[in-house]
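This briefing describes one protein chain, taken from its overall build to individual residues. Please read it alongside the sequence and the structure shown here.

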Amino acid sequence: MASLLEMVALAWGSLLANRLRSLLTMLGVIIGIAAVIAMVTLGRGAQLQTESQLKSLGSNLLFVQSGAAVGAGPASRGAGSATTLTWDDARAIAAAAPAVAAVAPALSQRNQVVLADRNTNTSIVGSTPDYALVRDVLPLTGRFFNGAELQQGARVALLGQTVVDSLGQTAEGVLGRDVRIRGEAFRVIGTLEFKGSTGFRDQDDQVLIPLTTMAARLVGVNATAGIAVDSIAVSARTPAAMAAAEYQITNLLRLRHRIVPPREDDFLIRNQADLVSASNSVAGIFTALLGGSAAISLLVGGIGIMNIMLVSVSERTREIGIRRAIGARQSDILRQFLIEAMVLSLAGGILGVLLGVGASLAINAAFGWSAGVAMDAVGWSLGFCLLIGVFFGGYPARKAARLDPMAALRSE
């Protein structure tokens with residue numbers, strides 16, 4: 001142990017004797033470690049944020065979407081391009097599916113919303129009072145529309161925060177005022193709490209109105225069996241009941257739409273858990289790619305360490321000869337230069353960790369995330385630094401250990 005500590009002290013003294021050269025040599029390792037920690041933190045922060053935003057859509061959610069319209073030949077226009085779901089389908093699901101807690105059909109269309117001399121283009125969503133429960137949407141000010149207003153087709157609206165800001169209003173100041181949508185006046189009875197963005201969709205850029213009002217006054221689309229809807233959001237009673245709810249909804253809609261094999265379903269059911277899982281998978285791949293790209297700097301740093309150690313062996317050839325002449329063994333010389341390479345790599349790693357932690361804290365502060373620093377990435381990075389020192393320092397150390405003592409003494 002005493003011999004090991006002495007070698008570490010000698011290695012540290014050698015680094016301090018050439019401070020600038022040592023710092024430049026460590027630069028690749030410093031940048032690589034800092035980049036790995038910062039990129040992993042960035043990836044995980046984005047993953048947690050996306051997961052949080054998906055969960056903010058509501059709890060135990062299933063999304064039932066209209067099916068795909070098929071054009072000439074086998075070409076499909078994609079899910080949601082056909083109008084195959086109705087409000088009656090939603091009411092049937094609420095009445096006949098025991099695993100379902102609540103149902104909220106939705107019919108949406110982008111339109112211009114005008115208030116005084118300000119206007120904005122936003123998504124107008126027609127739904128029912130259960131939308132607040134299913135989608136976990138609470139009024140920030142005012143109230144949600146009720147069942148009586150739904151039945152009467154009342155011209156009332158709730159505005160998302162993005163819409164409120166675009167109209168130059170405040171959440172309190174816009175209450176009771178009339179906004180115009182396609183020439184129709186709607187009384188603002190509430191504003192929605194802030195929900196944030198999910199992917200490329202701003203959840204606050206919307207106006208909620210009763211579904212009956214939406215169908216009668218704005219869209220004017222009615223299916224044969226009733227009011228057509230784009231989608232139906234379904235809340236299962238518990239997370240464990242989601243599979244049962246999906247099974248019950250599938251069978252019920254097949255019966256209602258008279259779908260028998262081999263005919264394909266004219267609807268699509270998406271599970272919120274599947275959306276979170278897919279998001280996590282994409283974010284994990286993104287994080288791995290970022291971390292792998294940053295790790296290339298570590299390899300470049302390792303090559304720099306090997307290069308400088310080879311230079312050090314050439315400069316200290318006479319020193320090696322003297323050590324061998326006074327009794328040092330090949331293993332002693334090997335350990336000495338190997339420890340120097342490891343100390344050089346580890347010192348760069350520690351500086352890189354400090355820089356990476358600082359960058360991670362700055363990223364979290366800039367984006368308002370609470371992901372923290374990827375401490376496992378810190379541990380793996382420091383361990384990788386030691387491996388770099390051993391791997392890239394091994395060849396110079398072996399070269400130093402195999403020098404002929406007499407030839408080393410004669411060198412200038």
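In this predicted model, residues 24 or more positions apart account for 75% of the contacts in the protein chain with a separation of 6 or more. The chain holds 13 helices and 17 strands. Of its 412 residues, 46% count as buried. The points below take up the overall surface, a group of paired strands, the cavities and some backbone details.

**Overall surface**

- The protein chain exposes about 20200 Å².

**Strand β13 and its partners**

- Strand β13 covers residues 206–210, and five of its five residues are buried, so the strand is largely enclosed by the rest of the structure.
- Strand β6, made of residues 118–127, pairs with β13 in the parallel sense, over five bridges.
- For leucine 159, the bridge partner in β13 is valine 207.

- Besides its parallel pairing with β13, β6 pairs in the antiparallel sense with strand β5, residues 100–115, over nine bridges.
- One of the residue pairs here joins serine 108 to its bridge partner in β6, valine 125.
- β5 and β6 form a hairpin, with two residues between the strands.
- In the turn of this hairpin, alanine 116 has a positive phi of about 55°.

**Cavities**

- Rolling a probe the size of a water molecule over the atoms shows where empty space is left.
- A search of the whole structure finds two cavities of 30 Å³ or more.
- The largest cavity has a volume of about 130 Å³.
- Four helices each supply at least two residues of its lining: α1 (2–17), α2 (19–55), α9 (272–315) and α11 (330–367).
- The residues that line the largest cavity include Ser14, Asn18, Arg21, Thr25, Met309, Glu340 and Leu344.
- By class, the lining of the largest cavity divides into four nonpolar, five polar and two charged residues.
- The second largest cavity holds about 90 Å³ of space.
- Of the 11 residues lining the second largest cavity, Tyr131, Val137, Lys195, Gln203 and Gln206 are the closest to its centre.
- The lining of the second largest cavity has four nonpolar, two polar and five charged residues.

- Valine 134 belongs to helix α4, which covers residues 131–134.
- With 0% relative accessibility, under the 20% limit, valine 134 counts as buried.
- The C-alpha atoms of valine 134 and asparagine 60 are separated by 8.8 Å, although these residues are 74 residues apart along the chain.
- Aspartate 136 is found in the loop between α4 and β7 (139–142).
- Aspartate 136 counts as partly exposed, because its relative accessibility is 40%, between the limits of 20% and 50%.

**Backbone geometry**

- Most residues other than glycine have a negative phi, and most peptide bonds are trans.
- Aspartate 136, a residue other than glycine, has a positive phi, near 55°.
- Arginine 182 is not a glycine either, and its phi is positive at about 55°.
- Arginine 182 lies in the loop between β9 (178–181) and β10 (184–192).
- The relative accessible area of arginine 182 is 51%, so this residue is exposed, the limit being over 50%.
- The peptide bond from proline 261 to proline 262 is cis, with omega near 5°.
- Proline 262 is found in the loop between α8 (242–256) and β17 (267–271).

How values were computed: Residues are numbered from 1 along each chain as its sequence is written. This is a predicted model: local features need pLDDT of at least 70, side-chain atom pairs count only at pLDDT 80 or more; totals for chains, interfaces and linings use all residues. Side-chain values use heavy atoms; hydrogens and water are left out. Buried means under 20% relative accessible area, exposed over 50%, partly exposed in between (1.4 Å probe, protein chains only). Two strands pair if DSSP finds at least two bridges between them. Contact means heavy atoms within 4.5 Å. Accessible areas come from the Shrake-Rupley method with a 1.4 Å probe; for residues, only the protein chains shown count as cover. On a 1 Å grid over the protein atoms alone, a cavity is a set of points where a 1.4 Å probe fits but cannot get out, and a pocket is an open set with protein on both sides within 12 Å along at least five of seven lines; lining residues have an atom within 4 Å of a point. Grid points are joined across faces, edges and corners, and a volume is the space filled by probe spheres set on the points. Ala, Val, Leu, Ile, Met, Phe, Trp, Tyr, Cys and Pro count as nonpolar, Asp, Glu, Lys and Arg as charged, and the others, Gly among them, as polar.
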